[in-house]
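Me: I am new to this structure and would like to learn how to read it. Could you take me through a few features, one at a time?

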Amino acid sequence: MSVKMRPFVSLQLVWVCLGLFLVTCEASSSNEVYALNAFKEAIYEDPLLAMSNWNVLDADPCDWNCISCSIARDHVLKLNISGSALRGFLAPELGLLSALQELILNGNNLIGAIPKEFGKLNYLQVLDLGKNQLVGPIPPELGNCTSLMTLNLESNVLTGELPPELGNLNYLEELRLDRNKLQGTIPGNNNSASNSSIYGMSASSWEPTGFCRSSQLKFANFSYNLFVGSIPKCLESISGLSFQGNCLDDKDPTQRPAAQCGVNPDHKPSQNGNKHEAASRPAWLLALEIVTGTMVGALFLVALLTAVQRCKSKPSILIPWKKSASSKDHVTVYIDSEMLKDVVRFNRQELEVACEDFSNIIGSSPNSQVYKGTLKEGPEIAVISLGIKEEHWTGYLELYFQREVADLSRLDHENAGKLLGYCRESNPFTRMLVFEYASNGTLYEHLHYGEGCQLSWTRRMKIVIGIARGLTYFHTELDPPFTISALNSSAVYLTDDFSPKLVDFESWKSIHSRSEKNAGSIGNQGAVCVLPNSLEERHLDVRGNIYGFGVLLLEIVSGRPSYCKDKGCLVDWAKDFLEIPEVMSYVVDPELKHFRYDELQTICEAVILCINPNPSKRASMAELCTMLESRIDTSVSAELKASSLAWAELALSSSN
């Protein structure tokens, strides 16, 4: 090339670089708005309205709540939504926030896995996802966030082994991994001649791996996991180090008992296998990998620069959360085997046989169908099939479905409907829940379509106390608490002896409404009357269940539906009678020939405690259950006494 041509070529290179820079900036801004809106879409509950002003049509997110931008307003630097009770998922699209320095989502109710796309956040200094309900392994890609100084993943449900790649975080100062279900050994070697000789390496050629490379680490909490082996010596100098509540070899009373670790106390897991395998690889293979990696990296860089020019119209990375052209790709992305590992999975064919080709329909709604069936040599079942088309199903909904199955499977109480399993298939598209069948139908059917004489006062009181015990178990004995999405008489199923079983069929409405992007709209007017909030809020707040329990008490003693078009809400009608002894008996179902007035007073008192307009002033279910159990007699003698009085009344009326 001639000397005269060089300035011209140099000028061309300057213009090309400037053009690429401008295109990259414009595409970055577009990508960041896209990423934030994708995250908002992945959140299906925002009760404190933390993202209320996030506008999908706004091209500048710098004025949105919880967002901090650079001075030039061209990049998002901080996303901080902590303690806001968000329910939803971590959208992988957040990996597009290329300049992000702080991602703080501590103290919410986020579920699903940590996206590996977070490894693209090269400038990230703080990643705080603590105190959520995240599952699955820690992605090794987080080791690419080499600017990271704080990593907080405490108090989740994370599983698997710690990726050694976290040792790449050379600036890491604070690490919180406590209160998860992490397993395996702590990745980190000690600089000793004995270790080096084991792997055929001289002490001079040895380099630390894993956390031994984290020279800046000042605080590390590994407590209350299932780690085994020993503590790497390179970490022992850290002042803020905690390993209690694990399964380490040390004879330390703060470690878990061997029975909780699921291992033979005499067995020590081998830590040498993978390392020996890595050390035995020949040098030529290592060189080949380096050359191949360099070539792949160069090709990737060319492809990235080419794709950046098209970023404005379409994001440059493949978003795996969206439904792809291949149904196979879509199906394999969202399965969380850890979440559902203890839940029975039925295949569609055996449920089809059990439910007589799905012809035995016992209930239906716009959102679902309920079938009755009998498993081969097994119990009678109720199968609830979700009515969502496959084209409306997303990755978020799949994880939400899995979460619902896992949530229902942990219920174990005599007054809770027992989940036997679930069905998830792609061809044909199927999402079903399988419950143990309660043979006596719903409480709603008995109160409003059955014969009133079947539900005597004592029998109604037994149902009341059974429901109270079930709700007390949901609210106080489960962590986190469980709530019924729409607590009404249709959610109460009865056995042969009229024992109540609480079944949360209405949780499917949340999934269905989410699929149509209209979360919070409820078609059931009765449900709105029970609690004038959205389903999501009721699911989030146990006080909503308490309000629903108060309405249910009124429905049981009065025989009136919670809502009807002519008379409006049952609560509004009953308010005139609840606190006035002279007219309190007007609340009682006319079908009842006998009731105990002192117990009616107790019921009315409980209703008042439940329906207080201020949720914080409503009594807890534990308090209500104790009050009802201590002041209502459901013994056999009480039933016989009530029956004898009823017969006496009948005899007197016939003689007249």
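Reply: Happy to! In H14, Ile546, Tyr547, Phe549, Gly550, Leu553, Leu554 and Val557 touch Ile603, Ala606, Val607 and Cys610 in H16. Contact here means heavy atoms within 4.5 Å. By class, this contact has 10 nonpolar, 1 polar and no charged residues. Ala, Val, Leu, Ile, Met, Phe, Trp, Tyr, Cys and Pro count as nonpolar, Asp, Glu, Lys and Arg as charged, and the others, Gly among them, as polar.

Me: What should I know about the model and its numbering?

Reply: The model is predicted, so local features need pLDDT of at least 70 and side-chain atom pairs pLDDT 80 or more, while totals for chains, interfaces and linings use all residues. Residues are numbered from 1 along each chain as its sequence is written, and side-chain values use heavy atoms, leaving out hydrogens and water.

Me: At what angle do H14 and H16 pack?

Reply: Helices (H or I, at least four residues) and strands (E, at least two) are DSSP runs, numbered from the N terminus. Axes are lines fitted to C-alpha atoms, for helices over the stretch in contact, and angles run from 0 to 180 degrees between N-to-C directions. H14 (residues 542–558) and H16 (residues 597–610) pack at about 150°, with axes 8 Å apart. H14 and H16 are therefore roughly antiparallel, a label for angles over 145 degrees.

Me: How do I read a sheet?

Reply: Strands of a sheet pair through backbone hydrogen bonds, either parallel or antiparallel. Two strands count as paired if DSSP finds at least two bridges between them.

Me: Which residue is the bridge partner of Ile384 in E20?

Reply: That is Leu433. E18 (residues 380–386) and E20 (residues 429–436) pair in the antiparallel sense over 5 bridges. Elsewhere in the sheet, 3 bridges join E16 to E17 (residues 368–374), and Gly363 stands opposite Val370 in E17. A hairpin links E16 to E17 through 3 residues.

Conventions:
Angles under 35 degrees count as roughly parallel, over 145 as roughly antiparallel, 65 to 115 as roughly perpendicular and the rest as oblique.
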